[in-house]
Amino acid sequence: MIRALLFDLDNTLYSEATGLETGVAQRMNQFVAELLGMQVHEAMKYRREQAKPYGTTLEWLMREKGFTEPERYFSFIHPNGEEGCLEPDHVLRLMLNEIPLPKAVLTNAPMDHARRILEKLDIADCFVGVYDIWFNNLLGKPNRDAYLRVLKSAGFVLEDTLFIDDLPKYVKGYIDLGGPAILKDELNRFPDLPCKRITTIYELAAVLDEMGISA
Ligand SMILES: [Mg+2]
């Protein structure tokens with residue numbers, strides 16, 4: 001029985017077609033290029049390969065490159081105004097408000113970014129909690145403690161909490177713990193993954209309806 005919802009933020013609660021996350025990824029590549037003295041195109045490839053075993057690029061830089069300035073990293077990749085490409089989403093707001101379950105957000109981004117995005121989408125008050133990367137001591141998804149710490153704080157039970165994220169490795173982390181999860185696979189990139197998939201967040205109400213949770 002699903003009794004709560006736990007959402008990823010970026011590219012899950014808004015479409016990747018907004019380009020917001022593309023901008024974040026470009027700034028990550030630029031940051032890594034400057035930090036490691038590379039060209040941006042080299043840094044892009046290097047980051048993609050090297051950061052893979054880690055939950056985030058920041059985790060990789062801190063563990064492997066002796067990087068110690070997470071605040072500087074976050075303010076570079078999440079500048080003021082980054083949310084300019086988003087619009088208030090009244091359809092999403094209505095859908096969330098009609099789903100009679102408590103909802104929280106678990107993001108590997110910092111709180112400034114999360115607040116900015118949720119406020120711009122006009123859905124900030126739809127959630128009982130928003131948990132950022134600092135809440136998880138900079139060790140976010142897919143580390144098991146990241147999920148468990150958030151569930152505990154929100155008062156949610158793993159087996160009863162549906163997790164929705166657009167990255168397979170974060171969805172897998174939750175499923176491996178024993179929780180139910182859905183992959184938001186906007187461009188149908190992962191048809192072979194053995195989990196429930198949706199292409200837009202607006203499909204969530206119908207999925208819950210199928211599971212017997214009606215708005
Ligand atoms: Mg995401």
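Modeller: Let's start with a term: a residue is buried if 20 or more other C-beta atoms lie within 10 Å of its own, exposed if 12 or fewer, and partly exposed in between, with C-beta atoms placed from the backbone. Keep in mind that this is a predicted model, where local features need pLDDT of at least 70, side-chain atom pairs count only at pLDDT 80 or more, and totals for chains, interfaces and linings use all residues. Residues are numbered from 1 along each chain as its sequence is written.

Biologist: Okay, which residues are buried in helix 6?

Modeller: Helices (H or I, at least four residues) and strands (E, at least two) are DSSP runs, numbered from the N terminus. In helix 6, residues 111-121, the buried ones are H113, A114, I117, L118 and L121. They sit on the same side of the helix because they cover an arc of only 120 degrees around the axis, taken from the directions from the axis to the C-beta atoms.

Biologist: Is D185 buried or partly exposed?

Modeller: D185 counts as partly exposed because it has 19 C-beta neighbours inside 10 Å. You'll find D185 in the loop between strand 5 (181-184) and strand 6 (196-198). Leaving out residues up to four places away in sequence, D185 touches F190, R197 and T199.

Methods:
Two residues are in contact if their C-beta atoms, placed from the backbone, lie within 7 Å.
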